[in-house]
Amino acid sequence: MRITQALSAAAFSLCIASGAHAADDLKIGFVLPMSGPHASYGLQILNGAKLYVQQHGDTVAGRKVTFLVKDDTGVAPEISKRAAQELVNRDKVDILAGFGLTPSAFAVAPLSASAKIPMIVMNAATSSVTTKSPYLLRTSMTLPQNSAPMAKWAIKNGIKNVYTLAADYGPGHDAEKQFIKTFTEEGGKIVGEVRTPVKNPDFSPYLQKIKDAKPDAIFMFVPSGEQGVAFLKGYADRGLKEAGIKLIATGDLTDEDVLDAMGDPALGLITSFHYSDAHDSALNKQYTEAYAKAYPGVRPNFMSVAGYDGMHLVYEALKKTNGDASGDKFLDAAKGLKWESPRGPISIDPETRDIVQDIYIRKVERRNGRLENVEFDVIPNFKDPGKE
Ligand code: PHB
């Protein structure tokens with residue numbers, strides 16, 4: 001009995017000493033909102049990630065890819081943190097991925113740093129997220145990256161006075177700050193600023209105040225989903241459009257996940273964003289068709305593409321390291337990777353580990369029997385200006 005125990009203990013320590021063998025399963029631990037008001041974030045990201053595996057095979061560099069998914073319920077940093085600790089300490093995942101919301105990414109980044117585990121952020125879009133762990137990479141976007149182009153477009157199109165409205169947390173602060181910076185540098189004037197609660201905001205009092213201030217336009221950011229639908233309804237019901245107040249925003253507002261629910265009040269809205277499911281490229285056509293087949297009745301949005309591209313990043317990095325997912329090797333291989341995404345050409349900035357991509361200016365139009373974000377201008381190869 002004692003001998004067996006000693007033997008198995010020896011075998012166990014041998015395992016540890018040799019590290020993860022290349023033939024072991026590659027475990028990816030996803031921390032995502034799968035329930036609550038942001039449940040669609042988790043669904044879209046996983047849909048994209050699973051579609052990539054379905055198309056490219058479930059084995060890369062000799063390692064079988066397995067997903068472990070933990071529901072962090074949304075804005076709940078303590079739950080995200082606990083979920084990531086379990087994934088790392090108990091499940092021994094090789095890579096952490098997902099992160100629907102900024103507070104979740106902030107809560108987990110220190111663990112990625114201390115355990116030297118690659119962490120692939122597939123949505124959380126506050127600029128500074130990537131600075132919180134040297135093993136963190138992002139395949140989504142940042143709010144400054146999408147807000148600066150919107151400010152430039154506004155100036156070019158005769159908008160002189162803007163009222164900003166932003167959700168009162170990281171990405172909202174970033175959107176507000178960058179929009180104001182670029183817009184005022186270009187000669188625009190900010191006539192009012194307001195921050196709205198992250199959870200369950202009632203937009204009516206803000207909308208009335210904005211109407212009374214009579215700006216040329218509102219620039220707004222709230223996390224994509226039901227809040228945007230409610231905001232647009234309030235904007236229409238309170239007659240801001242008739243009062244001549246335009247609405248401009250990052251494309252989080254007209255996300256394909258909620259665009260159909262918005263209906264006609266969304267027509268004509270101008271937004272800046274890195275992905276539209278109407279993006280005109282052969283690869284996007286292939287992507288949207290495969291997505292529709294795999295997930296009938298769901299339109300792929302920017303989060304799905306970040307999940308899909310996140311898996312591409314994992315596959316390409318592992319091919320370079322021959323299946324070694326240890327932090328330093330994986331990061332060396334991932335930095336500077338470049339590829340074509342369904343959104344257009346993208347790369348991973350080797351200095352910041354953040355994504356570099358084309359940003360499009362789009363208009364909501366009715367086409368092909370549905371509402372679409374139709375791209376009509378592009379700022380190519382745009383880096384996050386938020387870290388400057
Ligand atoms: C975020 O929490 O970072 C976040 C959430 C939803 C968005 C964009 C950013 O649409």
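Me: Before we look around, what counts as a polar contact here?
Reply: A polar contact is a pair of N or O atoms within 3.5 Å; within protein, one must be able to donate a hydrogen and the other to accept it, and residues adjacent in sequence count only if both atoms are side-chain atoms. This is a predicted model, where local features need pLDDT of at least 70 and side-chain atom pairs count only at pLDDT 80 or more, while totals for chains, interfaces and linings use all residues. Residues are numbered from 1 along each chain as its sequence is written, and side-chain values use heavy atoms, with hydrogens and water left out.

Me: Thanks! How far is the ligand oxygen from the side chain of tyrosine 169?
Reply: An N or O atom in the tyrosine 169 side chain is 2.8 Å from an oxygen atom of the ligand. For threonine 102, the side-chain N or O atom is 2.6 Å from a ligand oxygen, and aspartate 252 also has a side-chain N or O atom 2.6 Å from one.

Me: And how many residues surround the ligand?
Reply: There are 15 (each with a heavy atom within 4 Å of the ligand). Among the closest are Ala125 and Ser224.

Me: New topic: how is the chain divided?
Reply: Into domain 1 (2-141 + 281-353) and domain 2 (143-273 + 359-387), with bounds from an automatic or database domain assignment. Their C-alpha centres lie 30 Å apart.

Me: So why does the ligand lie between them?
Reply: Because domain 1 and domain 2 both give residues to the shell around the ligand.
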